[in-house]
Amino acid sequence: MINLLLREKNYYKEKNMKIGINLPPVTRQESASKWLYDFADAGYQAVEFDADMFPLITGGKLERRWLPVLKKLLSDYSFTYTMHIGYGVDLRSEDDFETHRNTLFSSIEAAAESGCVLLNLHYEKQSPSLRIEERFLESHIEAAEFAEKLGLTLAIENIEVEYADPVIDFVKKVNRKNFVLNYDTGHGFLASSYIGFDYLDSIRKSAPLLGHLHISDNTGIFEPLRITNRSVYDSLPMGYRIALGRGDIHIPPLWGKIPYEEIFKILKNYDGIVLCEFNAELYRPFLKQIRQDIESLIAGTRSQK
């Protein structure tokens, strides 16, 4: 039986701004615990992890035997936790829609019962099928209503091959207090380069609906394989992609070309988690410095008149 009194309904936006970081892929509980220790030592206040880092869901069904293990792991630290839905969950799927839908609802339960305040979802590309898009919208309205009963916020994220406008419009269509926009700055920057739109204007349009923020950096060089051959794109060594600056390389914010000072001037009133979504394994020696640099930049932009 789901505990419907897990936390007060604060819809997350009422929380004060925190600097967070994403947990890198881990295969052992001990490894995850060590990362959480390092993040606490570096001064981060929030952590996001992928649902599929742990075998929480099998065939769309929540594996409840794993929940006490995860809850114990997370409770050792006083972070604010958010969860990212497992990659590959696609509510536009025609092959096995019910399993994808069940995975979404099981992910909502897993996030709520493990103490997370927010579950992050991917919007992906729109389908040309009106029927599929209507079902996609209906499913997310139902998901938001289910999550509301658990005091959980859902955030939906823009991708690097699409305008942010459809995601903004989608949040408005769902029209639920606990369904917010997550603007991924790295995705938006690459999309603006690929499609050709005003990047900072897309930030301005997003600001009123913003309830979560992913920040990483890149060079703005779009990798065409992301569209022409996704499997090859995903198999490219990250070291190679970083060296050539190609695609969504997830280097630390302020290490690439994204204009973060201008972004945070626009987002002066944002009061949610600023989630640093970089490859922590590659930049482990700089964890504390990255957090300090982001905090200093935000403080500086907010002190300006």
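Leaving aside the neighbours of Gly86 within four places in sequence, the residue is in contact (heavy atoms within 4.5 Å) with Ala51 and Asp52. The structure described here is a predicted model, in which local features need a pLDDT of at least 70 and side-chain atom pairs count only at pLDDT 80 or more, whereas totals for chains, interfaces and linings use all residues. Residues are numbered from 1 along each chain as its sequence is written, and side-chain values use heavy atoms, with hydrogens and water left out.

The protein has an average pLDDT (the predictor's confidence in each residue, from 0 to 100) of 92, and 94% of the residues score at least 70. Over residues 1-14, by contrast, pLDDT stays under 50, and for this stretch the model has 39 contacts beyond four places in sequence. Where pLDDT is low, the predicted coordinates should not be read in detail.

Gly86 is placed in the loop between β5 (80-84) and α3, where helices (H or I, at least four residues) and strands (E, at least two) are DSSP runs numbered from the N terminus. With a relative accessible area of 10%, Gly86 is buried, a term that means under 20% relative accessible area, while exposed means over 50% and partly exposed lies in between (1.4 Å probe, protein chains only). Although Gly86 and Phe54 are 32 residues apart in sequence, their C-alpha atoms are 9.8 Å apart in space.

Helix α3 comprises 17 residues, 97-113, and reaches 24 Å from its first C-alpha to its last, close to the 24 Å expected at 1.5 Å a residue; the expected span of a helix is 1.5 Å times one less than its number of residues. Of the 17 residues of α3, 13 are buried, so the helix is largely enclosed by the rest of the structure. Just after α3, Gly115 takes a positive phi of about 95°.

The axes of α3 and helix α4 (residues 130-149) come within 10 Å and cross at roughly 25°. This angle makes α3 roughly parallel to α4. In these descriptions, axes are lines fitted to C-alpha atoms, for helices over the stretch in contact, and angles run from 0 to 180 degrees between N-to-C directions. Angles under 35 degrees count as roughly parallel, over 145 as roughly antiparallel, 65 to 115 as roughly perpendicular and the rest as oblique. On the α3 side, Phe97, Arg101, Leu104, Phe105, Ile108 and Glu109 meet Arg135, Ser139, Glu142, Ala143, Phe146 and Ala147 of α4.

For α4 itself, the 20 residues should span 28 Å at 1.5 Å a residue, and the end C-alpha atoms are 29 Å apart, which agrees. The buried residues of α4 are Ile132, Glu133, Arg135, Phe136, Ser139, His140, Ile141, Ala143, Ala144, Phe146 and Ala147, and what covers them includes α3, β6, β7 (153-157), α5 and β8 (179-184). Just after α4, Gly151 takes a positive phi of about 70°.

Helix α4 also packs against helix α5 (residues 165-174), at an angle of about 55° and with the axes 10 Å apart. The two helices, α4 and α5, are therefore oblique to each other, and α4 passes α5 in a right-handed crossing. Phe136, Leu137, His140, Ile141 and Ala144 of α4 make this contact with Phe170, Lys173 and Val174 of α5.

Positive phi values also occur in residues other than glycine, one of them being Glu124, with phi near 60°. Glu124 is placed in the loop between β6 (118-122) and α4, and at 28% relative accessibility it counts as partly exposed. His250, which is not a glycine either, has a positive phi of about 50°; His250 lies in the loop between α10 (238-244) and α11 (260-266) and, at 18% relative accessibility, counts as buried.

Two further positions may be described. Gly59, in the loop between β3 (57-58) and β4 (61-62), is exposed, with a relative accessible area of 66%, and its C-alpha is 36 Å from that of Asp271, 212 residues apart in sequence. Lys288 lies in helix α12 (residues 287-303) and counts as partly exposed at 45% relative accessibility. Lys288 and Ser139 are 149 residues apart in sequence, and their C-alpha atoms are 40 Å apart in space.

Technical notes: A crossing is left-handed if the near helix is turned anticlockwise from the far one by less than a right angle, and right-handed if clockwise.
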